[in-house]
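This report goes through selected local features of one model. Please keep the sequence and the coordinates open while reading.

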Amino acid sequence: MPKDARFGWQSKFVLPAATVVASMAIAPFALLCWQAFHNFNPLEGRNTFAGFDNFLALVHDATFFESLKVTVAYATAAGLISVVAGVVLAVALSQITWRRRAIPFLLAPFFTAPVVAALIFMLAVDADLGFVHYFAEWLRMSDPRAMLSRPGRALAVAVALDVWQWSGVVGLFVLARIETVSRPLLELVVTSGGGWKARLVSVWAPSLRTPVAGILAFRFLWCLGDGEKIDALTAGGAPYGAMQVLPIWLSHQYFRNGEYGYGSAASLLLYLVALIGAALVVRTLVLRDKFV
Amino acid sequence: MKFTSIRFVAVIGVALGIATACHREAPAPPPSEWKGLSEAARPYSGRTIKILGENLPPLQSLERLRGDFERSTGIKLDINLKDHSTAIRSILAGSLSHEYDYDLVFIPHKEMGRLVATDSVLPLDQFFRQRGLRDPTFDPKKQLVQPFFDEVGTYQGRWYGLPLYLGGSIVVYRRDLAESEQERAAYRARFGEEMVVPPKTHEQWLHLAQHFYRPDAQPPLYGIALLLSDEALWYEWQSALFSFNGNVLDAKHGWEYGDVVVNSPEAIKATDFYRDLSHYAPPDAVKYSWPLGIAKMQAGVNFMTLLQYDVVNEFENPERTKLAGKFGYFLPPDVNGGCASQLESWVGFIPKSARSPEASWLLLQWMMRPDIQIQLHLEGNVSPRLSTYDDPRIRSQRPTAVILESLHCMTPKPTIPEADGIQQILTEELQTALSGKASSKAALDNAAKRIADRLGNKTKLRYPVQ
């Protein structure tokens with residue numbers, strides 16, 4: 001095949017895929033950009049060019065920054081804890097001979113629909129019907145029945161929900177990596193008298209570092225978009241909007257206020273931030289051939 | 001040649017098949033004169049009316065009576081019941097695309113301005129004028145509660161919808177506890193006065209919440225279940241707002257723009273009062289919306305709750321609660337010793353893209369018939385038709401007297417296209433006031449400024465903001 005074949009007639013085979021990409025990704029993105037620079041509210045019949053007004057309004061919007069703050073806090077905590085829990089789970093399972101039988105149990109929470117999982121947790125922490133307040137009373141927490149009515153506790157419940165759903169599947173990925181660690185290397189450590197700690201430090205940690213970093217980055221980006229289960233868990237961002245993460249905030253801008261221009265400006269800004277984040281991950285992990 | 005002919009015939013065949021499949025047979029015109037529902041519906045027999053609305057007693061009662069309509073007309077009903085927010089989102093999304101998948105939608109009347117502004121619903125007077133489709137005994141302006149009907153069914157003088165139910169503020173309370181001699185004595189000892197139920201003043205109302213607030217009891221009892229979740233807060237707070245003679249816009253009708261008065265001294269007092277009440281609410285009231293608030297009240301967790309009376313049947317039906325028969329009802333007191341109530345309804349609108357708008361109209365008109373209204377009311381709805389309350393079975397129901405009492409103290413809410421935006425602004429600002437991040441005055445000043453900015457030159461601030 002000539003070296004520049006990709007620019008020849010063969011490139012026509014790419015046209016169907018290119019058409020799909022253009023209609024499914026580029027066109028909506030172009031629409032998003034157009035809306036971001038317009039004062040566009042179809043429900044109120046407004047549509048005028050706004051320049052950077054929507055972006056400037058965002059800078060002065062306290063609700064946006066509150067929402068951004070809680071989103072980042074949630075994504076960081078949920079991402080980090082679910083990965084740490086997953087790694088601990090995987091390392092523990094790797095020591096057990098019947099680990100394969102545990103796999104369905106690891107995956108069950110993940111395959112529970114997010115909204116259903118949220119409702120299960122909502123009932124668990126309910127002031128009257130739930131059981132969590134019994135533990136809270138035992139721990140002598142103040143106001144033990146108020147699990148979702150304090151911002152910090154509501155955040156903790158949301159994080160616990162995400163960790164419950166995701167740590168198993170993260171553990172499975174990590175376990176798969178552990179299983180592929182070179183047997184001779186492991187045996188070398190064992191025969192040279194290295195115990196569990198030596199295996200962790202000399203074999204597993206170096207092998208797991210890069211994939212775990214990748215999973216962590218993926219989990220963080222995933223959690224940024226978690227809206228439906230937090231919406232179901234906190235009835236739209238309770239207490240008093242403190243758990244109104246960005247997807248909920250955006251859905252209010254679009255569907256409740258009809259502020260498509262304003263919502264699109266925020267979406268575009270967040271898209272650019274996510275793009276930079278993703279580029280950093282790719283640059284750090286993939287381009288350096290570390291992500292294997 | 002032969003192959004080409006076969007291919008040609010195949011292409012024509014496929015095209016004809018697709019055309020036949022897509023073709024919707026135009027119904028025969030309705031009769032020129034009203035000859036009864038069955039005759040009027042004959043051209044639409046065999047069709048299905050797809051309906052969307054909220055999963056609460058009013059539409060559930062229609063679900064139970066659907067058989068009567070289907071037998072009379074041959075028209076099938078496909079009733080889709082969704083939760084509050086999902087129903088509204090689906091309907092508003094349809095108003096953008098003008099492609100509803102529904103032939104009849106029930107949505108809060110405050111959304112009417114949006115639906116009209118986006119030209120997505122049909123005015124109903126066009127059906128009312130057709131003699132073959134109009135039951136001559138039906139006259140909504142005279143038969144439905146007024147000015148309720150004008151506010152929820154018409155917009156700037158044009159008729160767009162028919163109310164599913166009559167809605168207004170109501171307080172549901174545990175009558176058995178309020179009538180207990182032991183409780184009355186304890187109340188007297190604590191406040192130095194007799195327990196007054198229904199309360200005549202805000203102070204008496206607050207005392208009731210305070211008296212029955214027992215978070216450490218086993219099981220706990222809470223003074224008042226306020227629905228403090230994001231979707232319900234604005235509705236609930238308005239009951240307090242109107243009871244202090246406050247308002248959001250100073251406008252006579254929902255479709256009018258008036259001065260922004262949401263930061264008036266009355267509104268600030270109302271918000272302070274609402275915040276005081278919230279101190280006696282259950283610890284997880286911040287996630288209470290209607291279904292949860294009703295369920296907790298049915299379970300006896302709270303002494304009272306502030307609701308709207310489309311759900312009163314939930315407390316009278318022994319199949320729904322073991323406490324049926326032990327509840328009582330009162331209207332929020334107003335500052336002048338009278339009553340206060342907000343005017344509210346989910347209203348049936350016919351989308352422009354409805355497949356059989358005439359059939360949808362016939363259903364709406366059938367629902368308004370006096371006999372059907374009585375049946376719907378007995379099934380759990382709250383009838384918007386005045387004659388319904390003459391029925392002795394309905395007159396003897398416990399909530400009826402309170403509902404009728406409220407008719408003269410209902411305050412309309414904005415139905416302008418920006419109504420949802422106003423709701424969102426107020427929800428956000430009220431959340432800052434209730435969470436203690438801002439004083440009531442600061443929160444309402446901020447709300448007033450944001451609402452004025454939102455409405456632009458259509459309005460102005462009446463009270464200065466700090």
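## Basis of the model

This is a predicted model, in which local features need pLDDT of at least 70, side-chain atom pairs count only at pLDDT 80 or more, and totals for chains, interfaces and linings use all residues. Residues are numbered from 1 along each chain as its sequence is written, chains are lettered from A and ligands numbered from 1 in the order in which they are written, and side-chain values use heavy atoms, with hydrogens and water left out.

Helices (H or I, at least four residues) and strands (E, at least two) are DSSP runs, numbered from the N terminus.

## Helices H13 and H21 of chain B

Helix H13 (residues 265-278) of chain B packs against helix H21 (residues 440-455) of chain B at about 125 degrees, and their axes lie 9 Å apart. Axes are lines fitted to C-alpha atoms, for helices over the stretch in contact, and angles run from 0 to 180 degrees between N-to-C directions. H13(B) is therefore oblique to H21(B); angles under 35 degrees count as roughly parallel, over 145 as roughly antiparallel, 65 to 115 as roughly perpendicular and the rest as oblique.

On the H13(B) side, the contact (heavy atoms within 4.5 Å) involves Ala267(B), Ile268(B), Thr271(B), Asp272(B) and Arg275(B); H21(B) contributes Ser440(B), Lys441(B) and Leu444(B).

## A four-stranded sheet

Chain B has an open sheet of 4 strands in the order S8-S11-S7-S12, with mixed pairing. Two strands pair if DSSP finds at least two bridges between them. Strand S8 (222-225) and strand S12 (327-330) of chain B are the edges, each pairing on one side only. From one strand to the next, the twist averages 20 degrees.

S8(B) pairs with strand S11 (residues 302-308) of chain B in the parallel sense, over 3 bridges. Within S11(B), Met304(B) is the bridge partner of Ile224(B). Helix H12 (residues 233-243) of chain B packs on the sheet and touches strand S7 (169-174) and S11 of chain B; the direction of H12 makes about 95 degrees with that of S11(B).

Asp125(B) belongs to helix H6 (residues 125-128) of chain B. Its relative accessible area is 17%, so Asp125(B) is buried; buried means under 20%, exposed over 50% and partly exposed in between (1.4 Å probe, protein chains only). Leaving aside neighbours within four places in sequence, Asp125(B) contacts Arg158(B) and Trp159(B).

Pro283(B) sits in the loop between H13 and helix H14 (290-298) of chain B, and counts as buried at 17% relative accessibility. Leaving aside neighbours within four places in sequence, Pro283(B) is in contact with residues including Asp143(A), Arg145(A) and Tyr222(B). Pro215(B) is 68 residues from Pro283(B) in sequence and 8.8 Å away in space, C-alpha to C-alpha.
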